[in-house]
Amino acid sequence: MQNIFTYSPSYSKVVEGYKAEVYIKGLIDVHKKNIFLRYVPSMFRIENGTKKYIVESISDVQYSAPNIYERKIKAVSSTFKRSNGQFLNMLDLMKMNIYSSSMMSDKLLSPLDKDNSRHYKYILDSVYVDNNIKKYKISIQPKFSGTQLVNGYLVVSDSIWTIREAYFEGVYDMIHFKFKSVMGEEGSENELLPIYITIDGYFKFLGNNISLNCDTWIKYNYINFLKSSPKFVRRNKHHHDLSKSYRLTCDTSSIINDLGTMQKMRHVELSVKEDSIYMAYLDRKKRLGSNPKSEKKPNMLLSLGDLLISSYDINLSDLGSVRCSPLVNPMYFSYGHSNGYSYKQKFKYNKIFQNGKSIRIVPQIGYNFTRKEFYAKMDAEFQYLPKKQGTFGLSVGNGNRIYSSVVLDKLKELPDSIFDLSKIELDYFRDINLNLYHSIEPVNGLTIRTGVSMHWRGLINTSRLKLEKPISDSEWAKLRGISRVYNTFAPRITVEWTPGMYYYMNGNRKINIGSSLPTFSVDYERGIKNVFHANTSHERIEFDVQHKITLNGVRTIAYRVGGGIFTKQDDVYFVDFANFSRRNLPEGWNDDIGGTFQLLDGAWYNSSSQYWRGNISYESPFIILKSLSKICSKIQHERLYGGILFMPHLNPYMEFGYGIETNIFDVGIFVSTNKAKYDAVGMKFTFELFSK
């Protein structure tokens, strides 16, 4: 094993790229199904009375180091009505680099990595000679249960310590799988690459039971080894431009769906059982075609029910694509200590034109059951210059309930001894906002956004104040707003820079794919009176730094540091920071729990004209619970959270938390302190089923 640990890092990197034709054949057997199967995104449509299905595909696959896989599907044939490919997309299994420290898109810990070996037991099963080469069969067992660990065996060649065959069992995205990979012949060019892969998968969800058998044959047309890597780098105009690696994405050739053509292209002949599935499918089509009346008329009640509980991806060649999840979906409910129970829903519309220009519209709705508040938001973008990501955008919605700086200034004067936001109900304003902007990326990684932000705020409640120390009528009058309506017109500029941004060109479109370096941003806004009936002014500036660092062994560290201040304070304004606010329709930072303050009451976000904050999270498969095998077997990741906030009356405010991620939900438990004294304890719970 020490020899394997020594050689594996080199073997994982020696192949810099290849081109291959891949033939995949999948057999699906539906043992049990019920209505809950409709909640699975992109699940193929199951016909009543039909239990067995077959799907085939032939693709060109191109790999480029370190971990870029592109697939162009040339031909597809199947016997089911609808499939968007997520459940049957076996490309992630193609990404199984046997020699790397992690497998399947960094979700499984490889037993061939020295750092991971502390989680495994290795047993020498047998030693034998094959073609005059001594080989070892090594059994692998995890020391404890965990979704990132596998069990199985390896067949290893003596002296050169290459893998000849690998077999793993485990759990991947709620699919229990059995994976077997046969590597190329020893001494051949494809010795370090798989030539045949078979996967048996079992999907069980709320009474549904589906099995999948998938066989993959791989023919390599070209393999590029590490020694030629300098030539690859020089071919690129910019070392962050990965367009050469993504050129298959730009290929718009049509996909062959003809069964007769598939018969000529497939790598192996079908078995009698597989051929009978096709024959039954063609017979069903023939019967339906000869008797159109046999198809039932649509039932309006059933159609409405289908809309409520089914996910949809609708692609219209002329109009674009629409994507939405079921309208009644328990997976979009969440609970937080400060926000209570809430529900959110999102729809997506996309249209990409032939010249690369695109339109994107994303409406969102949400409801908070604790505060009995309804939220709506719509984002729309037209990308007119895709090479530079030149975009015109609009965002409109209703925001947080907020109070004005008239209240804020008076709150500053209250001593800490009587300051308690939980006992204060202030003059709150509802907020309708509209943002118009233009965004462009003049150089790689640098985005400049300019635009205007408009708010219409109206008084919605009558103030009440409960304090241990009474306030006189004159003092109370100062806490009341001077107007019932405030309008704001504010030009705004945001500069965001991500050094080392990798990207590729898809025709005329520039697609950013991330960087290993932090993202820096500065956001400046200046309110102007008497424009579009604006009756208030302000000046706001914020900066923010975010960074996610991937460590070895499926571990990550993410941190966020930032601050902001309202610098023009001689007029009535509203403390409404861009990077420090309560999100009614949250978008996750590193996850839907980290990167914010879970126990902080929403009123605190508007209680100071300045803030300084820092957040950090550490994610790992095993932190605390690895010794509790029954519990740990259902946990994908454990997380540690930390946050610190500096602002008046909270100096400092700190939160510490621990959370777990499973395939069904995320949950975190938090404790907070104020000025080094215990403040509160609470939790955050979100459903995550099929949402990653």
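Strands are DSSP runs of E with at least two residues, numbered from the N terminus. Phe 646 is found in strand S31 by that count. The views below show a predicted model.

**Figure 1. Stacked rings of Tyr 23 and Trp 217.** The whole structure contains 23 aromatic pairs. In one of them, the ring centres of Tyr 23 and Trp 217 are 5.6 Å apart and the planes stand at 25 degrees, so the pair is classed as stacked. Tyr 23 belongs to strand S1 (residues 15–32) and Trp 217 to strand S12 (residues 208–225), so the contact ties together parts that are 194 residues apart in sequence. Tyr 23 is buried, its relative accessible area being 0%.

**Figure 2. Tilted rings of Phe 580 and Tyr 605.** The centres of these two rings lie 4.6 Å apart with their planes at 50 degrees, so the pair is tilted. Planes under 30 degrees apart would count as stacked and those over 60 as edge-to-face. Both residues come from the loop between strand S29 (555–566) and strand S30 (610–620), so the pair ties together parts that are 25 residues apart in sequence. Phe 580 is buried at 3% relative accessible area, and Tyr 605 is likewise buried at 5%.

**Figure 3. The aromatic cluster around Phe 580 and Tyr 605.** Phe 580 and Tyr 605 belong to one aromatic cluster, whose other members are Phe 566, Phe 577, Phe 597, Tyr 611 and Tyr 653.

**Figure 4. Charged side chains over tyrosine rings.** The charged end of Arg 449 is placed over the ring of Tyr 437, 4.0 Å from the centre of that ring. In a second case, Lys 510 lies over the face of Tyr 503, and the distance to the ring centre is 4.4 Å.

Figure 5. The structure holds 21 salt bridges. Side chains of opposite charge can pair when their charged atoms come close. Asp 379 counts as buried, with 15% relative accessibility, whereas Lys 377 is partly exposed, with a relative accessible area of 35%.

Figure 6. The side chains of Arg 540 and Asp 523 form a salt bridge with an N to O distance of 3.3 Å. Arg 540 lies in strand S28 (residues 539–551) and Asp 523 in strand S27 (residues 519–526), so this bridge ties together parts that are 17 residues apart in sequence. Arg 540 is buried, with a relative accessible area of 1%; Asp 523 is buried too, at 5%.

**Figure 7. The salt bridge of Arg 639 and Glu 661.** The side chains of Arg 639 and Glu 661 meet in a salt bridge, 2.7 Å from N to O. Strand S31 (residues 637–647) holds Arg 639 and strand S32 (residues 650–661) holds Glu 661, so the pair ties together parts that are 22 residues apart in sequence. Both Arg 639 and Glu 661 are buried.

**Figure 8. A nonpolar surface patch that includes Phe 646.** Val 522, Ile 541, Phe 543, Val 561, Trp 612 and Phe 646 make up a nonpolar surface patch of about 480 Å². Phe 646, in strand S31, is partly exposed, with a relative accessible area of 36%. Membership of a patch requires over 30% relative accessible area and no salt bridge.

Conventions:
Residues are numbered from 1 along each chain as its sequence is written. This is a predicted model: local features need pLDDT of at least 70, side-chain atom pairs count only at pLDDT 80 or more; totals for chains, interfaces and linings use all residues. Side-chain values use heavy atoms; hydrogens and water are left out. Rings of Phe, Tyr and Trp (its six-membered ring) pair if their centres lie within 6.5 Å; planes under 30 degrees apart count as stacked, over 60 as edge-to-face and the rest as tilted. Helices (H or I, at least four residues) and strands (E, at least two) are DSSP runs, numbered from the N terminus. Buried means under 20% relative accessible area, exposed over 50%, partly exposed in between (1.4 Å probe, protein chains only). A charge sits over a ring if NZ of Lys or CZ of Arg is within 6 Å of the ring centre and within 35 degrees of the ring normal. A salt bridge is a side-chain nitrogen of Lys or Arg within 4 Å of a carboxyl oxygen of Asp or Glu. Patches are made of residues with over 30% relative accessible area and no salt bridge: like charges are joined within 9 Å, nonpolar side chains (Val, Leu, Ile, Met, Phe, Trp, Tyr) within 5 Å. Accessible areas come from the Shrake-Rupley method with a 1.4 Å probe; for residues, only the protein chains shown count as cover.
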